[in-house]
Amino acid sequence: MVTQNDLVTILDHPKVLEDYANNRVFNRDSLIKEIMYAVNIIKGNSYLQSSDAKTVLQCCFNIEAVGLTLNPIVGFAYLVPFSGQCKVMPSYKGLAHLVYKAGKVKAINAQIVYKNDTFRVDLADTIKPITHEVGFGNRGEAIGVYAVATLSNGLKQVEMMEKSELEAIRDMSEDYKRRKAKDTTKDAIWVKHEPEMWRKTVVKRLIKYLPKNESDFEKLSKAVDLDNQAADYDLPVSLSQCQNLDELLRKAELEDGQYYEARLELDSVKTQSQYRILLNKLLKVQPKNIDQQFDDVVGRAK
């Protein structure tokens with residue numbers, strides 16, 4: 001099992017900035033705190049105890065970089081075991097915290113809707129868009145979720161998702177697909193923590209439409225990326241990513257046969273995993289000044 005001494009030893013290695021921090025200036029004292037939280041979490045979770053120490057340290061770097069913490073008291077993020085590796089997953093509360101820090105939102109609220117609830121939405125109403133009334137007793141099965149953000153000017157932005165939409169996203173999770181194949185879906189994140197995953201999913205969608213403060217919103221965007229990586233979604237590729245691949249292909253140093261083969265592969269790219277595979281191939285055949293080109297071409301997709 002990974003120990004605090006293991007992680008601090010790696011942290012103090014001369015190559016740690018290159019391998020983990022990507023040459024980013026970080027607060028060592030803050031990182032040590034995250035390491036302590038991580039070790040305590042791992043001690044209480046047998047699934048995490050086989051995690052590779054380097055991936056645990058990477059989780060500490062990542063969560064410190066986005067301005068959250070592994071402190072279990074606040075519940076802003078969790079460690080997730082994944083095939084011998086450790087991944088970090090921001091919680092619904094963690095994402096909401098970053099939304100507040102961005103300074104454009106005064107409050108954010110996400111709630112599950114059950115079949116016997118009284119629920120109405122007026123998308124044109126920016127003052128009171130949601131009517132949600134509940135009572136004691138059997139509320140029935142969960143049928144959807146919504147999130148409401150109160151902006152700094154008092155207006156409200158709402159987003160809602162039906163159960164079928166949430167299940168479609170759940171089914172794209174590699175963790176869920178693997179466990180379903182083994183008939184162990186009860187251990188999948190989407191099953192064990194379904195209400196949390198529903199709330200977080202609708203908040204992530206709502207975030208796309210909120211006003212942005214660029215400096216703080218960058219951390220929020222990175223936190224959303226961490227969540228997607230931890231859940232291991234194979235999401236659809238975006239138009240801008242296809243355009244990035246197309247531009248990299250046109251600049252690639254390839255013979256005619258190799259070019260047309262890569263062109264066919266690009267035309268078949270539909271998911272993020274396919275995008276990453278072709279992206280790595282094309283980066284290996286770029287001209288020597290790839291650093292400058294890559295910043296221009298791929299920067300838009302970050």
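Start by selecting strand β6, residues 142-151, where nine of the 10 residues are buried. Buried here means under 20% relative accessible area, with exposed over 50% and partly exposed in between, using a 1.4 Å probe and protein chains only. Strands (E, at least two residues) and helices (H or I, at least four) are DSSP runs, numbered from the N terminus.

This is a predicted model, in which local features need pLDDT of at least 70 and side-chain atom pairs count only at pLDDT 80 or more, while totals for chains, interfaces and linings use all residues. Residues are numbered from 1 along each chain as its sequence is written, and side-chain values use heavy atoms, with hydrogens and water left out.

**The sheet**

β3 runs antiparallel to β6, and nine bridges join them. Two strands pair if DSSP finds at least two bridges between them. To follow the pairing residue by residue, pick isoleucine 108, whose bridge partner in β6 is alanine 149. Alanine 107 has threonine 150 of β6 as its bridge partner.

Next select strand β7, residues 156-162, which is antiparallel to β6 and joined to it by seven bridges. Valine 158 in β7 stands opposite valine 148. Four residues lie between β6 and β7 in the hairpin that they form, and glycine 154 in the turn has a positive phi of about 90°.

With these strands shown together, the view is an open sheet of three strands in the order β3-β6-β7, paired antiparallel. β3 and β7 are the edge strands, each pairing on one side only. From one strand to the next the twist averages 15°. Axes are lines fitted to C-alpha atoms, for helices over the stretch in contact, and angles run from 0 to 180 degrees between N-to-C directions.

Now show helix α6, residues 163-170, which lies across β6 and β7 and runs at about 75° to β7.

**Helices α5 and α9**

Select helix α5 (residues 92-101) and helix α9 (residues 194-207), whose axes are 9 Å apart and which pack at an angle of about 25°. That angle makes α5 roughly parallel to α9; under 35 degrees counts as roughly parallel, over 145 as roughly antiparallel, 65 to 115 as roughly perpendicular and the rest as oblique. Show side chains for Tyr92, Leu95 and Val99 of α5, then for Glu196, Arg199, Lys200, Val203, Lys204 and Ile207 of α9, which make the contact. Contact means heavy atoms within 4.5 Å. The residues of this contact are five nonpolar, no polar and four charged. Nonpolar covers Ala, Val, Leu, Ile, Met, Phe, Trp, Tyr, Cys and Pro, charged covers Asp, Glu, Lys and Arg, and the others, Gly among them, are polar.

**Helices α11 and α12**

Move to helix α11 (residues 239-251) and helix α12 (residues 256-267), whose axes come within 11 Å and cross at roughly 180°. α11 is therefore roughly antiparallel to α12. Show Leu245, Asp246, Leu249 and Arg250 of α11, which meet Tyr259, Ala262, Arg263 and Leu266 of α12. This contact has five nonpolar, no polar and three charged residues.

**The whole chain**

Finally, display everything: the chain has 14 helices and seven strands. Of its 302 residues, 41% are buried.
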